Structure formats: structure tokens, C-alpha cells
Amino acid sequence: MNTVWSERLKRNSLGWGLLLPSLLILGLFTYYPIFKTTWLSLFRMDLSTPVPVFNGLGNYAALLEDPVFLKVFINNIWFGLGTVPTSMALAFVMALFADKAIRGKGFIRVAYFYPNMIPMIAVANIWLFLYTPKFGLLAHVASWFSEQEVSLLGQPGTVMGALIVMIIWKEAGYFMLFYLAALQQIPKDLYESASVDGVGMWKVLWRITIPLTMPTSLFVAIVAITNAFKLVDHLWIMTKGGPDNASSLLLYYIYETAFSYNDQGMGAAMTVVLVILLLIVSSLQFFGWDRKIHYE
Amino acid sequence: MYILGLLWLIPMAWVVWTAFRPKDAALGFHWSLEWTLDNFITVWQEAPFGQYYLTTLILTGGVLCVQLLSLTLAAYAFARVRFAGRDLVFILFLVQIMVPPDVLIFSNYHVLKELGLLDTKLGVMLPYFASSFGIFLLRQAFKQLPYELEEAARVEGCSRLGLLWRIYVPLSRPVYLSFAVVSFSYHWNNFLWPLVVTNSVENRPLTVGLALFAKSTESGGQWTEVCAATLLVVAPIFIGFLIFQRQFISSFMHSGIKG
């Protein structure tokens, strides 16, 4: 009896001991910050209130009335709607190409994937240069057609579209890899028997390829949606969220509120909103949804 | 499909082209074949890119080394040690994948302030020393190794840590490599967190340096230099990618399937 207990104790302390280093870091930089932010979000803490005042859910109520927050939130939704389905569809097509390509397979993959290896800040510089009036590539091209100067990033109506195109350029190749992996896992004999039966290409795509890559689509969708809330580096270089907040996104607004306006209570409240959003989106993957699609 | 590939290459090609062009030739509309290295020389003299390189190497390398150690231990615990509360902690670890440290910039900044580590290299690295993503990746690999190996080694009198080091680590080399590639490129490219944490030149990585450089040349006339600077920052990882593209691509593929 005693040896069982000492064995169990040994096992438990070994397990927890091995986890200790990781737990310590996660505790300091994930759990503790989440709790602390939640707590801070209940206080008024900005430049005009030197001593924090308990505010209950006041910050959240204020968020609902803050036109900039609402605008940024809606921007983020548009940004997601603009980037996620398009880059996924493109990634799928790219994967079909890259999988089938007989000649230049390596070239195709590199060409599609390389934007992902470039830091977002460098991507921002590159595209800022493409978009820039007078000197940019697009300005050159546009000058063949019209005399008028185009400034895509300078107008509230076009800035979001311009950024969405850039993000699709960066992300599609990354998502392509997941589809490539999925395509390679589809058993070859399925395709063989389909071709023996004389089933057409579109039908094969529709009946075999797309259903069998469903789990991957789900995974990619989750990654893409969470990314849509995390990608902000480019705003720092390209637009600073402007003009007139037309291109600002949630995380960037948090960064500005917390570090430029020093409004800590509001920054905390917005962080909580973002964290809850991310938790909801990603738990869809981990609980339930995933399994249903797998074994349908 | 080749057209799409070419289309994808245009932005980069345009930047490379501009970076090597003399200033007035690049910004004018006439075509010529002049080229020059002046832009790179100016950039190298105007901003401490050498220092940035060194810092970035230290940061990415440092994070990776500690990560490899911490995630080996944790992955082994999750894969092969049956301890109380394992499933619960496992879920707790998932939270980091859903809410990565970057999202918590504001609160992590305060944690770092309380620790007195603002504007230090350690401060930039610390939040990333544990990686749930890496732990899950490695746990999967460890689980796939036959348990008989472990039993045999223990009969021979090998300690648990000994067999972790002699059996699990060497047999999981490909997974370590995948993780290293993904982690290295992530931290080489990381921006927001180092931007928030650092104030001094010697702690700044390339990405922040590049951003500040680009900001300092507000007038449109310096595009050739900005392009050159961008290339300087992109070059190492980009060349690495071109040489080892097969490994890079399969690393990213690998890490996705298992995620």
C-alpha cells in the first residue's frame, strides 16, 4: 500500500515538475494578465483620474457609446469578411494548382508562399510603396489610363479594400499549405475509381475533394478569423488607422488607447472584449464543431 | 496558375528593382538599366542596422533555446506521465493558443513593468519562453513513439530524464526542426511587442528598426532607401527560405496538420 502511494506521489511531482517552467511563464503572461485586465476593466483609470475609481461595467457601457470603438469593431468585421473567404478560396485553388503542377512545382509553391516569410512591417513598406501616389507601381499603371492621381490609402472609401488585398496576398499562400497537406491525405484510389467510372472533373471536385478537405477548411477558417483580429503591424506603418479611423482595427485601437491616450480602464475593457471574442472563435474548433465535420 | 505565381512575385520584384536603382532613375518614368549600391550604403550608415541584426539574432535564438527546453519537459509530462489534474492543465494550456501574448500587449506590458524588465532583451523574450503550440506538437510526436522503448530502457536502469534525453529527443528531431523553423521566423518577424517594450537602440530588433527608419523618411523622395532597408531586413530569412524552401514549406505544413 505504501509503495503505491509513494509511486503515485513520485509520478505527480514529476509531472508537475516538468510542467513548472511552462506553467510559470503562462501564468505570468497569459492567466495573470487576463485576470488582471478583467479586474482593471472595472475601473476608471486615465490621465484625468490619478487614483483609479471603481466604475463597475461603466467602461463597457461607454464602449457601446464610443463611436470610434463601434467603427473600429465594424471595420474589423469587414476586414474579416474581406480577407477570410477570399484568401481561403484562393488558397484552395492554389493548392489544387500546386498539387497538380507537373513543371515548376517548387517555383509555384515558393511564389505563393514567400509573402508569409516576410515580416508584416516589411510587407507594409512594400505595399505602401506600391500604393504610394506618383512613385508607386499602381500610380505608374494608372498613369497609362488616366491623368488623375489615385491615392488608395488616402481615402476612407478605398483604404480598407487596399489593405484587404495586401493581407490576402500575404496569407493565401500560408493557407495553401494546409490544403496541400489535406489534398495529399486523400486516398488516391478514390480518384482512380472515379476516373474509371468516368466521373467528370467538376463532380470529383464537388463530391470528393471539397467534402474531404472540410476539416481543413474549418481549421483554416479559425486561423484566418483569429488572424483577422491580430494583424495590426501594417497599420503602424501604412495608415495609423486613418483616414478618419477608416482602416483602424480592434487591436490597434487598444494599442492606441492604452499607450497613446493612456486610458488604461478603457484599454482593459477592450482587451477583455477581444479575448472573449478569440476564445469563442477558437473554442468552436476544439469543442464539437470539429468532430461533427470529421465524421459526418 | 503560373500567371498567378508571377502576379504574386511582382511586389517583391518591384522592391528589389527599386532598391538597386539610382534615386532619380527610380522615381522618374524613364526606363534604364542603371544600378547602384548607394542605397544600401546610405541605409547602413544612417541607421544602426548592424546592431539591429545582432539584437534580432540574440532575441530569436534566445527564445528558441529556452522554448526547446521548456517544451520538451512539458510535452513529455503530457505524453507519458499520468499525474493528477493532467487533463485540466491541458485545457489551461489551450488558452495560450487561443489568446497569444500579442493580444495581451497592454496587460503584459504592466507585468513586465512590475518585474522591472522594460526595455531589456529578456523582457522582449520572456512572454514567449513557453509555447503551448510547441508543446502540443511535440506531445503528439512523443505519443507516437512506441512505449516499449521506454519500458526497455527503464529495465536497463535508465532514469526518466535520461531516457527523455537519449530516446525521445533524438527520435523526434524532425518535429523539433519544424518547430524551430516556425518559431524562428515568427520571432524574426515579430513587431508589436518589441515596439512596445523597447526604447533603446541596443534592444531593438530589425522590424522595429525598419519601422522607425521608414517613419523617419516621411517624404516620398527616399523610396529607394526604404526599399533597400526593407530588403536588408527581409534578406536573411528570405535567402534561408529560398535555399531550404522544401524544409520550410514542409515545416509549416507539418505544424498545421497536427495543430
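## Cavity and helix packing in a predicted model

The largest cavity has a volume of about 100 Å³. The structure is a predicted model, in which local features need pLDDT of at least 70, side-chain atom pairs count only at pLDDT 80 or more, and totals for chains, interfaces and linings use all residues. Residues are numbered from 1 along each chain as its sequence is written, chains are lettered from A in the order in which they are written, and side-chain values use heavy atoms, without hydrogens and water.

**The cavity**

The structure holds 1 cavity of 30 Å³ or more. A cavity here is a set of points on a 1 Å grid over the protein atoms alone where a 1.4 Å probe fits but cannot get out, and lining residues have an atom within 4 Å of a point. The volume is the space filled by probe spheres set on the points.

The lining of the largest cavity is made by B:T56, B:L59, B:T60, B:V63, B:V124, B:M125, B:Y128, B:H187, B:N190, B:W193, B:P194 and B:P205. Two or more of these residues come from each of α4 (49-80), α7 (121-125) and α12 (192-197) of chain B. Helices are DSSP runs (H or I, at least four residues), numbered from the N terminus. The most is given by α4(B), with 4 residues. By class, the lining of the largest cavity has 8 nonpolar, 4 polar and no charged residues. Ala, Val, Leu, Ile, Met, Phe, Trp, Tyr, Cys and Pro count as nonpolar, Asp, Glu, Lys and Arg as charged, and the others, Gly among them, as polar.

**Helix pairs in chain A**

Axes are lines fitted to C-alpha atoms over the stretch in contact, and angles run from 0 to 180 degrees between N-to-C directions.

| Helix pair | Packing angle | Axis separation |
|---|---|---|
| α5 (120-131) and α7 (156-185) of chain A | about 130° | 11 Å |
| α3 (67-100) and α7 of chain A | about 40° | 6 Å |
| α8 (188-196) and α9 (201-212) of chain A | about 170° | 11 Å |

The angle of about 170° makes α8(A) roughly antiparallel to α9(A) (over 145 degrees). Their contact (heavy atoms within 4.5 Å) joins A:L190, A:Y191 and A:A194 of α8(A) to A:V204, A:I208, A:T209 and A:L212 of α9(A). These residues divide into 6 nonpolar, 1 polar and no charged.

The contact of α3(A) with α7(A) has 20 nonpolar, 7 polar and 1 charged residues.

At about 130°, α5(A) is likewise oblique to α7(A). On the α5(A) side the contact includes A:W127 and A:Y131, and on the α7(A) side A:W169 and A:K170. The residues of this contact divide into 10 nonpolar, no polar and 1 charged.

Key
Angles under 35 degrees count as roughly parallel, over 145 as roughly antiparallel, 65 to 115 as roughly perpendicular and the rest as oblique. On a 1 Å grid over the protein atoms alone, a cavity is a set of points where a 1.4 Å probe fits but cannot get out, and a pocket is an open set with protein on both sides within 12 Å along at least five of seven lines; lining residues have an atom within 4 Å of a point.
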